[in-house]
Amino acid sequence: MYTFDGRIRFSEVDRDGRLTFAALLNYFQDCSTFQSEDIGLGVNYLKERNMVWVLSSWQIVVDKYPELCERVKIGTIPYAFKGFVGYRNFAMTDMEGNYYAVANTLWSLLDLRTGKPAIPPQDMKDGYVLEERLPMDYAPRKIVVPEGGESCDTIVVKKHHLDTNGHVNNGQYVALAIEFLPEGFEIRQMRAEYKRQAFLDDVFYPYVAKDNGRYIISLMDDSGKPYVVVEFTGRED
């Protein structure tokens, strides 16, 4: 497992002094970026080859949120390539190896020249040494959006939502969706299904539904076609 050490910063905690879910996701995202850069398969490698990894889905399961100034270890494991799809686990633990959270992700490699999926080249497969996937309760990628929800005020994509690829960063979608959760809701699992990319000045039409204790938020265009669907499971105060 590729790992790096961290310490929970004041800028990453909520009013109770615990790591926010959005910050947890960012730790995971940074971990995969660090690994890719360290093995020479990072941003410049992809740009030179007109390729990009696009996230298809997240599943993050949280057992406990670390507190301000706690030291943590963040790790990631690439565990499979299937065609143009890559599979990757993540974990955050304390310094003794006790789990705070685990995650599963699916990624699609795209050729920017054609806009179509691309098979990872051999040097990429050689660089990402595959390991056994982490033990967790793996959920399906697809998220069903229930009827009877509520449409909310629109959101315009701003510059701070974008990443180096020029589209909305996957973590930004989740951060936007979190704003529709009720006060006091503690996230224990998040699933996100990414449908398509959003760019500067695109407009999200949020749809929020509650179903058996779950909150499902779909960020759509004006025709009702989703960019992303995010599901939160947890408990309310």
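Let's start with Val52, which sits in strand E2. Keep in mind that this is a predicted model. Val52 has a relative accessibility of 6%, so it counts as buried, the cut-off being under 20%. Which residues does Val52 touch, once its neighbours within four places in sequence are left aside? The contacts are Ser108, Leu109, Leu110, Leu112 and Asn165. For a sense of distance across the model, take Gly224: it lies 172 residues from Val52 along the chain, and 27 Å separates the two C-alpha atoms.

| Pocket | Volume | Lining residues | Lining make-up |
|---|---|---|---|
| Largest pocket | about 1,100 Å³ | 46 residues | 20 nonpolar, 15 polar, eleven charged |
| Second largest pocket | about 690 Å³ | 21 residues | ten nonpolar, two polar, nine charged |

What lies nearest the centre of the largest pocket? That would be Trp53, Val54, Leu55, Trp107 and Asn165. Quite a few elements give two or more residues to this lining: the helices are H1 (21-38), H2 (43-48) and H4 (170-178), and the strands are E2 (51-62), E3 (71-82), E4 (85-94), E5 (99-111) and E9 (186-194).

Over in the second largest pocket, the residues closest to the centre are Asp14, Ile178, Gly184, Phe185 and Glu186. The elements giving two or more residues to that lining are H1, H4 and E9. H1, H4 and E9 are also among the elements that give two or more residues to the lining of the largest pocket.

How do H1 and H4 run relative to each other, roughly parallel or roughly antiparallel? Their axes come within 10 Å and cross at roughly 170 degrees. Angles over 145 degrees count as roughly antiparallel, so H1 is roughly antiparallel to H4. On the H1 side, the contact is made by Phe21, Ala22, Leu25 and Gln29, while H4 supplies Asn170, Gly171, Val174 and Ile178. Sorted by type, the residues of this contact come out as five nonpolar and three polar, with no charged ones. By comparison, the lining of the second largest pocket does include charged residues, nine of them. Ile178 links the two places: it belongs to the H1 and H4 contact, and it is one of the residues closest to the centre of the second largest pocket.

Notes:
Residues are numbered from 1 along each chain as its sequence is written. This is a predicted model: local features need pLDDT of at least 70, side-chain atom pairs count only at pLDDT 80 or more; totals for chains, interfaces and linings use all residues. Side-chain values use heavy atoms; hydrogens and water are left out. On a 1 Å grid over the protein atoms alone, a cavity is a set of points where a 1.4 Å probe fits but cannot get out, and a pocket is an open set with protein on both sides within 12 Å along at least five of seven lines; lining residues have an atom within 4 Å of a point. Grid points are joined across faces, edges and corners, and a volume is the space filled by probe spheres set on the points. Helices (H or I, at least four residues) and strands (E, at least two) are DSSP runs, numbered from the N terminus. Ala, Val, Leu, Ile, Met, Phe, Trp, Tyr, Cys and Pro count as nonpolar, Asp, Glu, Lys and Arg as charged, and the others, Gly among them, as polar. Buried means under 20% relative accessible area, exposed over 50%, partly exposed in between (1.4 Å probe, protein chains only). Contact means heavy atoms within 4.5 Å. Axes are lines fitted to C-alpha atoms, for helices over the stretch in contact, and angles run from 0 to 180 degrees between N-to-C directions. Angles under 35 degrees count as roughly parallel, over 145 as roughly antiparallel, 65 to 115 as roughly perpendicular and the rest as oblique.
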